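Morning, everyone. Please have a look at the screen.

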Amino acid sequence: MNKILWVDDEIELLKPHVMFLKSKGYEVETCNNGYDAVDMIAATAYDLVILDEMMPGMTGLETLPLIKSARPSLPVIMVTKSEEENIMDKAIGSKIADYIIKPVNPNQVLLSIKKNLHSQQLVTEQTTADYRSEFGRIAVQQQAASTFADWCALYRKLVGWEIELSGSSDTSIREVLSYQKNEAQQEFSKFVRRNYYDWINKRIDESEIPTMSHTLMRRRVFPEVDSSAHTTLIVIDNMRYDQWRVIEPLLRGFYDVAVDDLYCAILPTATQYARNALFAGLMPLAIDKLMPEKWLNDNEDGGKNMYEEEFLRRLVQQSGKQYKLSFDKLVRPEAGRKLLDNMQRIYDADFSVIVYNFLDILSHARTETDIIRDLTDDEASFRSLTRSWFEHSELYTMLKLLAERGHRVVITSDHGTIRVDNPVRVTGDKETSPNLRYKTGRNLAYNSRDVYEVTRPEDIQLPSGRLTSSYIFAYNRDFLVYNNDANKYIRYYKNTFQHGGISMEEMLVPFIVLQPKKR
């Protein structure tokens, strides 16, 4: 039972209101002055205080800071006869939970109490009821999904419900959503398996082929640059759509979201492949053929993403663009601080590009560091950590500065990441690539029903490295482990975030266009 203290110098006249609250299940104590109220609050753990603003001796506004000093988190509802702005400013500045204008209506009081004591419970109950009614419609939408746009719409809806239900105390409804999403993942994997070859090789009508890593610049980014005096592209490595959704509210005061869309990352959904393709405007096989000295296969030593700026400048030139271009890749925090001190060249550029690697580092840290793993033991906490990082990052500061300068901003990623929990065993020789979501090598052995296999890499525009190399890709939440010491690796990698394979999280990548608000 919730305990309430009602403080009013005319409390005797409010007995019908007190009895009404008691009939609704609340325990209500009363007093008629601020001095007694402060003493009672120091001695008793109340859940909420209703405080009259105009009292003799010590006013409500004078009592309020003493209450907050004793119990900082205790919600206080102020009751006042006056709607004068300065009184309201003082009350709100002192962090009241709500205020009510006299004469007091019992239902008005009850509504304010519910808003402050039971809002989370009421929101949870309503959200749960809303999802239950939506469950059947999502199932029908999944069964009918036949195009890339259909899958994007379904994924956005599932992500929306994941975020809505993440704060729910109803674990059973979250389990239902998890089951529904896993079912959708399986169908999405079949959809990719049926269509990927045709997309890559343009075997179907071009209007049915989604924008992909190697076509993103020409199809989506350059048109944005052409239509604005200054455009900044920010590529946040490893960013998923749900992570965008939790940082987006922080930007509402500075930007309007002009475009909120998804594009398709190529396979493997790994930085070496997807981001090189993004900046070069070419599939990996074409990069290897045209610029062999700038492409390293998985089993070759050296940096795999060292030529992104050069790739981009080549693509800009070949596309007939005359942009004044700046390019920055931020891997360490000090690089972000250094860029903040040199923002003028970004302000001056027609087209500025910033590659931000933090989320990729965070994903790997979660695998390797126990404390990060404990902090992000589920999807909701991983989203929460993403928001916390962003809110305190140099990137957030940069975005606010760019808004002040009127820059249009495009935010995207090269691929997403997925939390894996189902091991799939494979064998291979010592030159087999180590990635847990895809493998390439000469002597791979596996159950073909468990993976998407490509025995001729050139069929999907990938370099082979060796004449007999092939690729396999994990589906859904699977991860690939060798038979040698399998149990050890399963324990280590289970429930970690990985990328490289086929899933909605990895392949359906956010593409966001932000228009600065007019000031």
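How much space lies in the second largest pocket? The answer is about 450 Å³. Bear in mind that this is a predicted model.

Which of them supplies the largest share of the lining? That is H8, with 8 residues.

Sorted by class, 10 of the lining residues of the second largest pocket are charged, 5 are polar and 4 are nonpolar.

As for the method in general, a probe the size of a water molecule is rolled over the atoms, and that shows where empty space is left.

Now the whole protein. There are 21 helices and 18 strands in it. Along the principal axes, its C-alpha atoms fill a box of roughly 90 × 50 × 40 Å. The protein has 519 residues, and 52% of them count as buried, with the cut-off set at under 20% relative accessible area.

What about the surface? The protein exposes about 23700 Å², and 48% of that comes from carbon and sulfur atoms.

Last, the contacts. Take those between residues at least 6 apart in sequence: 74% of them join residues at least 24 apart.

That is what I have. Back to the slide if anyone wants to look again.

Notes. Residues numbered from 1 in each chain as written. Predicted model: local features only at pLDDT ≥ 70, side-chain atom pairs only at ≥ 80, totals over all residues. Heavy atoms only, no water. 1 Å grid on protein atoms, 1.4 Å probe; cavity = no way out; pocket = protein on both sides within 12 Å on 5 of 7 lines; lining within 4 Å. Points joined across faces, edges and corners; volume = space filled by probe spheres on them. Helix = DSSP H or I, 4+ residues; strand = E, 2+ residues; numbered from the N terminus. Nonpolar A, V, L, I, M, F, W, Y, C, P; charged D, E, K, R; others polar. Buried < 20%, exposed > 50% of the residue type's maximum accessible area, 1.4 Å probe, protein only. Contact = heavy atoms within 4.5 Å. Areas by Shrake-Rupley, 256 points an atom, 1.4 Å probe, with all protein chains shown as cover.
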